[in-house]
Amino acid sequence: MSQPVVPAWAAAEPASPAAPPVAVPALQLDHVSRWYGNVVAINDVSFALGAGVTGLLGPNGAGKSTLLHMMAGLLQPSAGQVLIRGRSAWRQPEIYRDIGLVPEKEVVHPYLSGYGFALLNAQLQGVPDPPAAAARAIETVDLADAAHRPTGTYSKGMRQRAKIAGALVHEPSILLLDEPFNGMDPRQRLHMMDLLRSMAADGRTILFSSHILEEVERLADSILVVHAGRLAAAGDYRSIRRLMTDRPHTFTIRSSDDRRLAATLIADPAVFGADLTGGRLSVSTNDYAAFTRALPRLAAATGITLHEVAPTNDSLESVFSYLVRR
Amino acid sequence: MSAFRPLVGVTLRSLLGRRRLLLMVLLVALPVALALLVRLGGGRPDASGILDNLVVRIVLPLVAVVLGTAAVGSEIDDGTIVYLLVKPIARRWIVLAMAFVSAGLTIALVVPAVVLTGLLTSGLGSTSVNTALAFAAACALGGIAYSTAFLALSTVTSRALVIGLAYTLIWEGVIAGLLEGTRFLSIRQATLGIAAALGGKRPGLQPLEPTISVVIVVVVTLGALAIATRQLSRFEVRGGD
């Protein structure tokens, strides 16, 4: 059996009061699969995480929540193992001293106030001074004004922040967040991103899931891309982003003379294919930037008018599919 | 165990929702109201018939099935159980706290109704008081067995309320009364056995032996606690992508 992928950014952990001085990764998945009957939800996923913010990116239904639930010990892997600081995550309540979980479901006990919910979490975590820990967490998520209102009266964004307060009361060294920015307004979103960044700077391991590329781009140092239950890519954000940009692209073009434009474009080194079937010109390139610079220049030089240029496979879904195939 | 109190507190608040509480109070008020009518009509010498038919057969299991299945079941249904499970707490404490609250509330609601019903029906004579207290003690023990059994059921299936009602109405209400051997699988029969042993024997009925009755209550309660703990230890979240 091969070893799990351990990206460079997972190997070293800065010394910090939040992270115990151990050599093992904070969080490790070793050939983990999960299936429900005949349906494979997660397929042979391996990776390891250290300190820092990692984005778990993938379209809806990709398996992000299933992965997070397995990491939080709320789902048993069908194969492989999930380790939290070297200990199995499944049926080990002691791991929750290290973990804070913000689940995707927005429901919180509706009869508790935000402070009451944080206090309950602090008491159940057994922290030395639960009221102080709860007040601190409420302050941290900027919920002090509504702290004593029942969460049943909260907006979606406020409930989201109450959930995060509940997960922070014991100052966990690993924080797992499932779509944490759902329902937050832009100001709250920025505040939360700052908070997560500062926690990561303290040496904590932060993993958050999202299906929105921009959220991951703004916050994560590194990303895990999941598609159809498989780990499509893992590592430094910029290198994955480059892979996404430099993949083969296909454009559909409508011009004043498609045939002549095809002949001109096929001579350009950035283009590796041109197709005129069905009365439409499709052009394939493996250098997105060079092609988008060359196209208007070549069209102008040959006196051809461009009516329409449209990328045909630019959805996030197609990007993920490409990453899985490569 | 420092987590026990907050677990009791959150379960209590969850179970004491306004509508559920009102429904439970109306339910336990039913035999009391009937006993009041009997009293206005001159009363009856023996309250055991009313206590068996109304309280032990209907009110006690209904209160227990609603509270027992809701204690864990409502947390599982709305997903809030996750916040209790992702804590460094042995699952048995979560089960014990929830069972403590559901059994405690069942007793708190049913036992006063039993005493009031008994005394209103047959007055304040020593036999009447003895019968009422015998049924009260039996209902307290039966309430513990019922509520923990239904709590365990809610960790096994999401249809615990329906199955609990079917057990109460069909198994205990019909089958366990007709077939001799099935009485050993009936909490109601065990409750009546304990009541009879304490002086609340209903004329014309042959109750279970007191030892057997107590064994049934203890086995059901401990078995239910063990099943619920095992189920929560292996609990897996539903849904998500």
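Two residues are in contact if their C-beta atoms, placed from the backbone, lie within 7 Å. The model is predicted: local features need pLDDT of at least 70 and side-chain atom pairs count only at pLDDT 80 or more, while totals for chains, interfaces and linings use all residues. Residues are numbered from 1 along each chain as its sequence is written, and chains are lettered from A and ligands numbered from 1 in the order in which they are written.

**Exercise 1. Describe how helix α3 (residues 48-78) of chain B packs against α5(B).**

Step 1. Two packed helices are described by the angle between their axes and the distance between the axes. Axes are lines fitted to C-alpha atoms, for helices over the stretch in contact, and angles run from 0 to 180 degrees between N-to-C directions.

Step 2. For α3(B) and α5(B) the angle is about 160° and the axes are 9 Å apart. That makes α3(B) roughly antiparallel to α5(B). (Angles under 35 degrees count as roughly parallel, over 145 as roughly antiparallel, 65 to 115 as roughly perpendicular and the rest as oblique.)

Step 3. The crossing of α3(B) past α5(B) is right-handed. (A crossing is left-handed if the near helix is turned anticlockwise from the far one by less than a right angle, and right-handed if clockwise.)

Step 4. Among the residues that make the contact are B:Val55, B:Val59 and B:Val63 of α3(B) and B:Leu105, B:Leu109 and B:Val110 of α5(B). By class, this contact has 17 nonpolar, six polar and no charged residues. (Ala, Val, Leu, Ile, Met, Phe, Trp, Tyr, Cys and Pro count as nonpolar, Asp, Glu, Lys and Arg as charged, and the others, Gly among them, as polar.)

**Exercise 2. Describe the packing of α3(B) with helix α6 (residues 126-156) of chain B.**

Step 1. The angle is about 30°, and the axes are 7 Å apart. That makes α3(B) roughly parallel to α6(B).

Step 2. α3(B) passes α6(B) in a right-handed crossing. The contact holds 17 nonpolar, 11 polar and no charged residues.

**Exercise 3. State what each chain gives to the contact between chains A and B.**

Step 1. Chain B supplies 23 residues and chain A supplies 33.

Step 2. On the side of chain B that touches chain A, the elements giving two or more residues are α1 (4-15) and α4 (81-85) of chain B. The residues of that side are 12 nonpolar, six polar and five charged.

**Exercise 4. Decide whether helix α2 (residues 64-71) of chain A is enclosed or open.**

Step 1. Chain A has 11 helices and 14 strands. Of its 326 residues, 44% are buried.

Step 2. In α2(A), eight of the eight residues are buried, so α2(A) is largely enclosed by the rest of the structure. Among these buried residues are A:Lys64, A:His69 and A:Met71.

Step 3. After α2(A) comes A:Gly73, with a positive phi near 70°.

**Exercise 5. Locate A:His31 and A:Glu171, and give the phi and exposure of each.**

Step 1. A:His31 is in strand β1 (residues 27-36) of chain A. Phi of A:His31 is positive, near 50°, in a residue other than glycine. A:His31 has 16 other C-beta atoms within 10 Å, so A:His31 is partly exposed.

Step 2. A:Glu171 lies in the loop between α5 and β7 (174-178) of chain A. Phi of A:Glu171 is positive, about 50°, although A:Glu171 is not a glycine. With 18 other C-beta atoms within 10 Å, A:Glu171 is partly exposed.

Conventions. Helices (H or I, at least four residues) and strands (E, at least two) are DSSP runs, numbered from the N terminus. A residue is buried if 20 or more other C-beta atoms lie within 10 Å of its own, exposed if 12 or fewer, and partly exposed in between; C-beta atoms are placed from the backbone.
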